[in-house]
Number of protein chains: 2
Amino acid sequence: MLPFDIQEYQERLQKTKKSMADRGIDVLLVTDPANMNYLTGYDAWSFYVHQMVVIIIDEPQPLWIGRYLDANGARVTTWIYDENIIAYPDYYVHSDVFHPMSFVGEILAQIGQGNRRIGVEMDNYYFSAKAFMKLQQALPNAKFIDGDLIVNYVRIIKSQQEIEYMKRAALIADKAMHHGIENIRIGSRENDAAAHISYHLISGTEEFGGEYTSIVPMLPSGKNTGIPHLTWSDRPFEDGDSTIIELAGCYQRYHVPLARTVTIGNPDDRLHQLTPIIQDGIAAVLEAAKPGATCSDMEEAWRRSISAYGIEKESRLGYSVGLGYPPDWGEHTASIRKGDQTVLEPNMTFHLIPALWFDQYGIELSETLRITENGCTTFSNYPRELIIKHPFLLNQHGGEIS
Amino acid sequence: MLPFDIQEYQERLQKTKKSMADRGIDVLLVTDPANMNYLTGYDAWSFYVHQMVVIIIDEPQPLWIGRYLDANGARVTTWIYDENIIAYPDYYVHSDVFHPMSFVGEILAQIGQGNRRIGVEMDNYYFSAKAFMKLQQALPNAKFIDGDLIVNYVRIIKSQQEIEYMKRAALIADKAMHHGIENIRIGSRENDAAAHISYHLISGTEEFGGEYTSIVPMLPSGKNTGIPHLTWSDRPFEDGDSTIIELAGCYQRYHVPLARTVTIGNPDDRLHQLTPIIQDGIAAVLEAAKPGATCSDMEEAWRRSISAYGIEKESRLGYSVGLGYPPDWGEHTASIRKGDQTVLEPNMTFHLIPALWFDQYGIELSETLRITENGCTTFSNYPRELIIKHPFLLNQHGGEIS
């Protein structure tokens, strides 16, 4: 069941251990589900309870520690030996008496790791304030070190196999975008379009299926297009509406995000005017994105391009992307913004999303890109345009499904 | 846009403040997205960055503090006055220099709350170890108190309007289950069935749309039915396969989960034998579930019912359910298990899921129930049976959708 050769997992582990050594960490407690998957293959919707992968710098095998119920999932989805899969009893789950991190602390003490320098992912969603407190109580002789993003930074450069998976994710993203746009029409509702998108994200292609994405499709329409991060409502589309679709295809947990803006009938003049500005800005960034340049250089290319039009953008332009679990497909490492000195290398991948939001309206056109030997290339083949739909032209494919 | 009367939000706020007072908390920092929604209406996929609702015991209005981009979403989805919506600049997002909780600390100090007793949701996904550390650094004169689950316990008894929303969620759950089962057949794949389920969860009914669920559909088949919390693969269904479907309908963020087991062709004898045992056990729990009884009494009814068959179940039987955001629709309060002394009251709602997992196979039949004045009632109308499909009988409704 493993999506990568054991060799690739071993390389990831070695890079992680090198980074641990650089920071003086003996034992790294990996609680980010994407990092757990990256190092071991572990894949299940079990991250709503406490769980982790433990990397001990002088041990060849990771440990998986999680809920009793989920140990079988760890056995079948990872390359970890069965004896390194350690489960806590169910009475630790959502209990006001027992905490899983007390169990973890006991285990670490038992195997002689209780007085070492222990790295923890301090700002990860799945490492709560209480988790840290309980660990500290259980391991009074350990020294805790912030190990946040250690594995995320190993993830920043993708292997050929990871790029292959992202290409598949891109095929799924393009297909879902096509069907989403087909289903935005007068008389259908935002949720109907979102339903079609979700169907195609998961059905994938005949050759391979799609997976759940770390973020659900965003689909604000009408005046809500000025508000990022709304998902969908059951409001019917009307003549003149614009709609922003932001989605990602996902394959083997690798994401390729894609955003487009579509209007029913003639677009607002402002959208017409903004489109070439964003297209030019994206082209300028893609031109600047090459090995040796920095994320900040990419942002500068954008800023120079759009400044001629008197437009400024406060929020970042994009971020490193790839492997992910809810709630985010971003990797939390490099951002495309002023001052980010990350030096671009081949097979880094970014979601470039220079969205512009104003009062009552907004526009998004995005690309997921890969740094190549000499420049960069985009994953999606979807036209980088403002999509304009005739209000009274029905699709051939619309309607109910079973 | 608010899904509840302002009066209902005010009552929730008053109950929260009462609980704060009981624990000696002056200021509660609410970081659980479900709790933020419950108190204010806030609804957006923005919980992948730090954000919160602040409840000050002697102030009538909550504060919303979040990312600059998301402030417009707070303005349109909540009843909070615009001047109480406070945004941090984008350079705080996923930065190794700036942390949003430092900003929050500065704001709290500026408005005179810096030396008060501050409650924090210590074990919430969205309150990381680093978030707590940064808050403590920014507010050296505050006293921090564990305020975990304060709002969750207010949520445990539902209002009539909440029950109405759960009834809608149940209609969606039943529809999605129907179409999921329709699409489990030889020649289709796990992801195809999951795609149909997701389509119907979101398209909902003609009268109202569905929403994304806190957990995606689980859909293990074949020998993977012995492994909880696997989602789906692109493995094709085969004659003789059994499949477990666990899903929830969601409306206004209220969930009604539902699990069933389906076989293609004649079921394994063991599933045949287990089904009436689970049906009897569920019936015994539903009989025991009434005001004045405890969660532990529900578990005891189950244990007594199944012990005659020599079966034991290690994991809990269920949990309080309702409002939720990823990664969990459980409320993290009452669990249906031995020793849980929560006394049942009318309009408490539970997902009763006495799943049994064995090596290579498993079975799930579940019900979401509501405690009534005299007993309890279930939300779903789906037959509580092992569903057996003829292997070579094709559906009328199958096939591709646009």
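Predicted model: local features only at pLDDT ≥ 70, side-chain atom pairs only at ≥ 80, totals over all residues.
How exposed is A:Arg235? Partly exposed, with a relative accessible area of 25%.

Let's start with the record. UniProt, in an unreviewed entry, places the feature "domain: Creatinase N-terminal" at residues 12-157 of chain A. What is that stretch made of? Over residues 12-157, chain A is 36% helix and 18% strand.

Now helix α1 of chain A. This helix covers residues 6-22, which is 17 residues. From first C-alpha to last, α1(A) reaches 25 Å, close to the 24 Å expected at 1.5 Å a residue. Which of its residues are buried? The list is A:Glu8, A:Tyr9, A:Arg12, A:Leu13, A:Thr16, A:Lys17, A:Ser19 and A:Met20. What do they pack against? Their partners in chain A are strands β1 (27-30), β2 (52-56) and β8, plus helices α2 (33-40), α6 and α7 (160-182). Just after α1(A) comes A:Gly24, with a positive phi of about 75 degrees.

Over to chain B, and its sheet. Six strands form an open sheet there. The order is β4-β3-β2-β1-β5-β6, and the pairing is mixed. Which strands stand at the edges? They are β4 (85-88) and β6 (143-146) of chain B. Each has a single partner strand, so one side of each is left without a neighbour in the sheet. Neighbouring strands in this sheet are turned by 25 degrees against each other on average, ignoring direction.

Strand β3 of chain B, residues 63-67, pairs with β4(B) in the parallel sense, over 4 bridges. One bridge to find on screen: B:Ile65 has B:Ile86 in β4(B) as its partner.

Helices lie across these strands. Helix α1 of chain B, residues 6-22, lies across β1 (27-30) and β2 (52-56) of chain B. Its angle to β2(B) is about 70 degrees. Helix α4 of chain B, residues 100-110, lies across β1, β2, β3, β4 and β5 (117-120) of that chain. Against β4(B), α4(B) runs at about 140 degrees.

Next, salt bridges. Side chains of opposite charge can pair when their charged atoms come close.

A:Glu238 is partly exposed, with a relative accessible area of 45%.

Compare a second pair, A:Arg260 and A:Glu367. Their salt bridge is 3.2 Å, N to O. The pair links distant parts of the chain, 107 residues apart. A:Arg260 sits in strand β8 (residues 254-264) of chain A, and A:Glu367 in strand β14 (residues 367-371) of chain A. Buried or exposed, this A:Arg260? A:Arg260 is buried, at 1% relative accessible area. A:Glu367 counts as buried too, at 2%.

B:Arg235 forms a salt bridge with B:Glu190, the closest N and O atoms being 3.8 Å apart. B:Arg235 lies in the loop between α8 (190-203) and β7 of chain B, while B:Glu190 is in helix α8 of chain B, so the pair ties together parts 45 residues apart in sequence. B:Arg235 is partly exposed, with a relative accessible area of 26%. B:Glu190 counts as buried, at 3%.

Chain A also has a network. Salt bridges link A:Asp26, A:Asp58, A:Arg116 and A:Arg117.

Last topic: the backbone. A cis peptide bond joins A:Pro326 and A:Pro327, with omega about 10 degrees. A:Pro327 is in the loop between β9 (318-325) and β10 (328-336) of chain A. In chain B, the peptide bond from B:Pro326 to B:Pro327 is cis as well, with omega near 10 degrees. B:Pro327 is in the loop between β9 (318-325) and β10 (328-336) of chain B.

Two positive phi values to finish. A:Leu149, not a glycine, has phi near 70 degrees. A:Leu149 lies in the loop between β6 (143-146) and α6 (150-155) of chain A. B:Arg253 is not a glycine either, and its phi is about 75 degrees. Where is B:Arg253? In the loop between β7 (242-251) and β8 (254-264) of chain B. B:Arg253 counts as buried, at 1% relative accessibility.

Conventions. Residues numbered from 1 in each chain as written. Chains lettered and ligands numbered in written order. Heavy atoms only, no water. Buried < 20%, exposed > 50% of the residue type's maximum accessible area, 1.4 Å probe, protein only. Pairing = 2+ DSSP bridges. Axes fitted to C-alpha atoms, helices over the stretch in contact; angles between N-to-C directions. Contact = heavy atoms within 4.5 Å. UniProt positions renumbered as here; feature names shortened; annotations may be inferred. Salt bridge = Lys/Arg side-chain N within 4 Å of Asp/Glu carboxyl O. Expected span 1.5 Å × (residues − 1).
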